[in-house]
Amino acid sequence: MTGTWRHLPATARAIAVTATTAVAAAQARDGQAYDEAVDGLAADERSGLVLGAVVRLLLEESHPDGLTGDDIRQVLTRCVQQSTRWRSDVDPHVVLVLLAGALGVYDPDGDESPPDASALARHAPLLVADLLATTSVPLGDYLAAAFAEIERTERQD
């Protein structure tokens with residue numbers, strides 16, 4: 001665990017450790033480790049908030065001039081194609097929901113079949129691992145930034 005997480009409450013530290021394990025398993029294409037880690041993510045609904053913030057930060061960094069529909073399509077296609085090479089349960093709709101949610105444009109009321117928290121937890125580390133492949137910044141830095149952003153938002157509310 002990185003030193004930047006020591007100040008976090010125990011629950012946040014657990015999310016950070018589990019997310020790191022899940023993303024590392026996705027990068028290594030280790031199905032057993034991945035399944036175990038995403039079970040842990042699914043157990044805490046706040047992990048979606050954290051991973052959503054990480055996805056948004058990764059998208060912003062990899063597309064500093066803004067995102068177009070083509071950019072989103074490329075990310076979606078790349079992530080799904082890479083993930084289906086080792087995971088048969090990848091659902092493109094869930095990855096799209098994760099992208100739209102991270103960008104703040106997903107409306108679950110307008111979705112005929114919104115994915116449940118477990119499906120989102122199973123797919124979020126795949127998307128994070130895919131986006132991390134385009135940057136040289138470690139996941140820990142993005143997690144620290146996501147937690148700081150969430151804390152800032154909570155203090156303002």
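**Contacts, helix packing and salt bridges**

Biologist: Which residues does serine 83 touch, not counting residues up to four places away in sequence?

Modeller: The model is predicted. Contact here means heavy atoms within 4.5 Å. With residues up to four places away in sequence left out, serine 83 touches Val90 and Leu126.

Biologist: Is serine 83 buried or exposed?

Modeller: Serine 83 is part of helix α4. The cut-off for buried is under 20% relative accessible area. Serine 83 has a relative accessibility of 4%, so it counts as buried.

Biologist: How many Å apart in space are alanine 19 and serine 83, C-alpha to C-alpha?

Modeller: Alanine 19 is placed in helix α1, residues 10–28, whereas serine 83 lies in helix α4. In sequence, 64 residues separate alanine 19 from serine 83. In space, the distance from C-alpha to C-alpha is 17 Å.

Biologist: Which residues does alanine 19 touch, not counting residues up to four places away in sequence?

Modeller: Alanine 19 has a relative accessibility of 1% and therefore counts as buried. Leaving out residues up to four places away in sequence, the residues that alanine 19 touches are Leu41, Leu51, Leu139 and Leu143.

Biologist: How many nonpolar residues are in the contact of α4 with α5?

Modeller: The two helices cross in a right-handed way. Helix α4 contributes Ile72, Val75, Leu76, Cys79 and Val80 to the contact, and α5 contributes Pro92, Val95, Leu96 and Leu99. No polar and no charged residues are among them, and the number of nonpolar residues is nine.

Biologist: Is α3 roughly parallel or roughly antiparallel to α6?

Modeller: Helix α3 (residues 46–62) packs with helix α6 (residues 117–132) at an angle of about 25°, and their axes are 10 Å apart. Angles under 35 degrees count as roughly parallel. The relation of α3 to α6 is therefore roughly parallel.

Biologist: How many nonpolar residues are in the contact of α3 with α6?

Modeller: The crossing of α3 and α6 is left-handed. On the α3 side are Leu51, Val54, Val55, Leu58 and Leu59, which meet Ala124, Pro125, Leu127, Val128, Leu131 and Leu132 of α6. The contact holds no polar and no charged residues, and its nonpolar residues number eleven.

Biologist: With which residue does arginine 56 form a salt bridge?

Modeller: A search of the whole structure gives eight salt bridges. In the one made by arginine 56, the closest N and O atoms are 2.0 Å apart, and the partner is glutamate 149.

Biologist: How many residues apart are arginine 56 and glutamate 149?

Modeller: Arginine 56 has 18% relative accessibility, so it counts as buried. Its salt bridge with glutamate 149 links distant parts of the chain. Arginine 56 is in helix α3 and glutamate 149 is in helix α7, residues 139–156, and the pair is separated by 93 residues.

Biologist: By how much of the helix are aspartate 70 and arginine 73 separated?

Modeller: Their side chains meet in a salt bridge of 2.6 Å, N to O. Aspartate 70 is partly exposed at 48% relative accessibility, and arginine 73 is partly exposed at 49%. Because they are three residues apart in helix α4, aspartate 70 and arginine 73 are separated by about one helical turn.

Biologist: Is arginine 155 buried or exposed?

Modeller: Arginine 155 forms a salt bridge with glutamate 151, with the closest N and O atoms 2.7 Å apart. The two residues lie four residues apart in helix α7, about one turn. Glutamate 151 counts as partly exposed at 34% relative accessibility. Arginine 155 has 66%, so it counts as exposed.

Biologist: Which residues are linked in a network of salt bridges?

Modeller: A salt bridge needs a side-chain nitrogen of Lys or Arg within 4 Å of a carboxyl oxygen of Asp or Glu. The residues linked in a network of such bridges are Asp35, Arg87 and Asp89.

Biologist: What is the phi of arginine 29?

Modeller: Arginine 29 sits in the loop between α1 and α2, and counts as partly exposed at 39% relative accessibility. Most residues other than glycine have a negative phi. Arginine 29 is not a glycine, yet its phi is positive, at about 55°.

Key: Residues numbered from 1 in each chain as written. Predicted model: local features only at pLDDT ≥ 70, side-chain atom pairs only at ≥ 80, totals over all residues. Heavy atoms only, no water. Left-handed = near helix turned anticlockwise from the far one by under 90°. Nonpolar A, V, L, I, M, F, W, Y, C, P; charged D, E, K, R; others polar. Buried < 20%, exposed > 50% of the residue type's maximum accessible area, 1.4 Å probe, protein only. Axes fitted to C-alpha atoms, helices over the stretch in contact; angles between N-to-C directions. Parallel < 35°, antiparallel > 145°, perpendicular 65-115°, else oblique.
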